[in-house]
Amino acid sequence: MNRRRRRPYAAATVTVACALAVLASPALTLRASAAPLPPPPPKKTLEEVRTEIEDLYRQAAAATDAYNLAEERTEQQSAEIVRLARMIEGGRKRIDTLKAQAGATARAQYRNGGIPDSAQLVLTGDPQLFLDTAGRLREGAKATTDLIAELTRAQAELDTYAKEAGDNWTKLEADRVKQAQAKKDINSKIDAAKKLEGELAAEERERLRRLEELARQRAQTKWLGSGILGELTDATTPEARKAIENALAQVGKPYVWGAEGPDSFDCSGLTQSAWAAAGTPIPRTSQEQWRLLPRVQPKEMRPGDLIVYYKDASHIGMYIGNGKMVHAPRPGRDVTVAGAGSMEILGIVRPS
């Protein structure tokens, strides 16, 4: 009986021993001595944030150029498709007219018993009738030949118009895809830049703005230190003065990507609009303005010329004289006057 009462205590002893063995197991020992979590990455400095934001906005500007170019091409291709559609309609009407004329000729031959006029003339016994109508028959034969040639030419033109319309439609769809992708890229870059800036406290955002201005001032000072201003002239043309007046009238209006005015602008929309007001059409994007407009040497720059910035020609402004330019900087900023050398200069172009 005593042995039976001791059994529960023996079982409890075994259970405690097992628990102690588990607590002393290598796995738990390793877990207890595992390395601590790595420290969080160091917080970016405000200067690093500024550089990152600036780079994101530059990428957005490059995507904006791609968007604007695709938009311009889709407009041109749409207009060309409309023009070709009208040409196709006109060609079909012309073919219908020519077919009606050919049908009238065939019906006339049928009324003559299927014998051509020329054969009837050979069979006639009246020499005078032969002489009187020979010339008329030659003219008729030539008219029939011309009719067939005209019908063939009209059909060939119609086929060409149809092919061109198909090709333009294919290009239109391709550019619409590019436009949609560019818009997606623009929004993603701008959203990322806004997120970075939005994470800053109000005081840090103000310091960020001052850092941006300081970076511009340093670049401008370096540019002026090259002695460039002593080589430049403020003399310019009446057209350039009109373009400058128009650009300066936009100061204070917001930057909006893809905008051409009158209430907001992107950088190339501002320069294009200003020169259009002066009577000189120029390409839509900063990259196209750089590629297609005549280039001038830095020492020959004059007011009204366009300064292209960065290696990818992703930004552009208008030189207004005295070492300054007017431009639409980036999202979140307004059209403003700034130092002409406040950013990395790629080159200068002249609209007129």
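**Figure 1. Helix α8 passes helix α9 in a right-handed crossing.** The model shown is predicted; local features require pLDDT of at least 70 and side-chain atom pairs count only at pLDDT 80 or more, whereas totals for chains, interfaces and linings use all residues. Residues are numbered from 1 along each chain as its sequence is written, and side-chain values use heavy atoms, with hydrogens and water left out. Helices (H or I, at least four residues) and strands (E, at least two) are DSSP runs numbered from the N terminus. A crossing is right-handed if the near helix is turned clockwise from the far one by less than a right angle, and left-handed if anticlockwise. The axes of α8 and α9 come within 7 Å and cross at roughly 130°; axes are lines fitted to C-alpha atoms, for helices over the stretch in contact, with angles from 0 to 180 degrees between N-to-C directions. The two helices are therefore oblique to each other (under 35 degrees is roughly parallel, over 145 roughly antiparallel, 65 to 115 roughly perpendicular, and the rest oblique).

**Figure 2. Residues of α8 meet residues of α9.** On the α8 side are E239, A240, K242, A243, N246 and A247, which meet L270, S273, A274, W275 and A277 in α9. Leaving aside neighbours within four places in sequence, K242 is in contact (heavy atoms within 4.5 Å) with A277 and A278. At 47% relative accessibility, K242 counts as partly exposed; buried means under 20% relative accessible area, exposed over 50%, and partly exposed in between (1.4 Å probe, protein chains only). K242 and G304 are 62 residues apart in sequence, and their C-alpha atoms are 8.7 Å apart in space.

**Figure 3. Y67 and W257 form the 1 aromatic pair of the structure.** Their ring centres are 4.9 Å apart and their planes stand at 90°, so the pair is edge-to-face. Rings of Phe, Tyr and Trp (its six-membered ring) pair if their centres lie within 6.5 Å; planes under 30 degrees apart count as stacked, over 60 as edge-to-face and the rest as tilted. The pair links distant parts of the chain, 190 residues apart: Y67 belongs to helix α3 (residues 46–111), and W257 to the loop between α8 (238–248) and α9 (267–277). Y67 is buried, with a relative accessible area of 13%.

**Figure 4. Arginine charges sit over tryptophan rings at W169 and W290.** The charged end of R176 is 5.8 Å from the centre of the W169 ring, and that of R295 is 3.6 Å from the centre of the W290 ring. A charge sits over a ring if NZ of Lys or CZ of Arg is within 6 Å of the ring centre and within 35 degrees of the ring normal.
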